Amino acid sequence: MNTPPGPQDTLDPQGAPRPHDLVRDHTIYACVMGSRAFGLATDDSDTDRRGVFLAPTPLFWRFEKPPTHVDGPADEQFSWELERFCELALRANPNILECLHSPLVEHATDTGRELLALRAAFLSRQAHETFAGYSFSQRKKLDQDVRAYGVPRWKHAMHLLRLLTSCRDLLRTGELTIDVGDQREPLLAVKRGEVSWAEVESWMARLAAEAETAAARSPLPPEPDRRRVEDFLFRVRRDSALQN
């Protein structure tokens with residue numbers, strides 16, 4: 001978060017902060033995602049960073065609103081504005097929910113810690129639909145690769161298995177754990193192409209069926225706690241307005 005300002009990080013002619021300023025100066029939560037957070041990192045793994053920034057409330061009084069997300073300023077860094085992040089989390093977006101549950105938190109302000117304390121409010125049985133939908137789209141891409149090249153992209157197959165496992169366990173337990181634990185070596189074997197596509201297909205089908213069964217008896221509520229999240233966002237926006 002201490003990246004030196006560059007040409008696009010100065011104020012615009014109206015005095016509003018540039019997108020990278022918002023990330024650098026107003027981030028409330030930052031974590032590492034990707035293989036490092038999943039427990040699947042190898043020597044050549046990138047370090048993917050994700051974060052949430054809180055745009056000062058007065059910026060929303062302008063005709064041009066703050067960005068909903070910002071790419072950068074560092075390589076492999078991506079951040080969402082708090083409201084957009086909460087909207088996506090309430091829809092059980094897999095990437096957003098996993099970001100909230102990263103075991104590798106690099107930065108959290110008081111507001112960021114409040115956001116983390118709300119993690120359970122975002123979880124609901126809707127996760128089955130969204131995780132399954134995302135998994136289906138990724139599976140279609142793998143099938144296309146198999147038809148075109150005879151094999152899938154093994155790294156993508158590994159991550160799809162990881163996602164399906166995470167979905168099943170979330171529905172079974174009501175808690176989202178993204179570190180793969182003792183599944184690290186079996187999953188890395190898939191990444192290395194040491195498991196046949198037929199075995200991987202069978203593994204995927206089993207996980208999807210187990211998630212379907214778990215969804216019917218999941219301890220998760222049917223809907224997320226939208227009111228609790230909305231109250232948090234309202235209070236944070238109000239406090240920001242008073243401070244500015």
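This report covers aromatic contacts and pockets in a predicted model.

## Aromatic pairs

The model holds three aromatic pairs. One joins Trp80 and Phe85, and its geometry is tilted. The ring centres lie 5.7 Å apart, with 55° between the planes. Both partners are shielded. Trp80 has a relative accessible area of 10%, so Trp80 is buried under the 20% cut-off. Phe85 is buried too, at 0%.

Trp154 and Trp197 form another pair. Their centres are 6.5 Å apart and their planes meet at 70°. That angle is over 60 degrees, so the pair counts as edge-to-face. Trp154 and Trp197 are both buried.

## Ring cluster and a charge over a ring

Which residues do ring pairs link into a cluster? They are Phe78, Trp80 and Phe85.

Arg162 sits over the face of Phe38, 3.6 Å from the ring centre.

## The largest pocket

The largest pocket has a volume of about 740 Å³. Its lining counts 25 residues. Closest to the centre are Gly34, Phe38, Asp48, Tyr134 and His159. Phe38 is also the residue whose ring face lies under Arg162.

Several elements give two or more residues to this lining: α2 (35–38), β2 (48–53), β4 (77–81), α4 (94–100), α7 (126–149) and α8. Helix α8 gives the most, with six residues. By class, the lining of the largest pocket has nine nonpolar, seven polar and nine charged residues.

## The second largest pocket

How many residues line the second largest pocket? The lining has 18 residues. The space inside comes to about 320 Å³. Nearest the centre of this pocket lie Ile28, Leu54, Thr109, Thr111 and Gln243.

Four elements are named as supplying at least two lining residues each: α1 (19–26), β1 (27–33), α5 (110–117) and α11 (226–243). The largest share, five residues, comes from α11. The lining of the second largest pocket splits into five nonpolar, eight polar and five charged residues.

Terms used: Residues numbered from 1 in each chain as written. Predicted model: local features only at pLDDT ≥ 70, side-chain atom pairs only at ≥ 80, totals over all residues. Heavy atoms only, no water. Phe/Tyr/Trp six-rings, centres within 6.5 Å; stacked < 30°, edge-to-face > 60°. Buried < 20%, exposed > 50% of the residue type's maximum accessible area, 1.4 Å probe, protein only. Lys NZ or Arg CZ within 6 Å of the ring centre and 35° of its normal. 1 Å grid on protein atoms, 1.4 Å probe; cavity = no way out; pocket = protein on both sides within 12 Å on 5 of 7 lines; lining within 4 Å. Points joined across faces, edges and corners; volume = space filled by probe spheres on them. Nonpolar A, V, L, I, M, F, W, Y, C, P; charged D, E, K, R; others polar.
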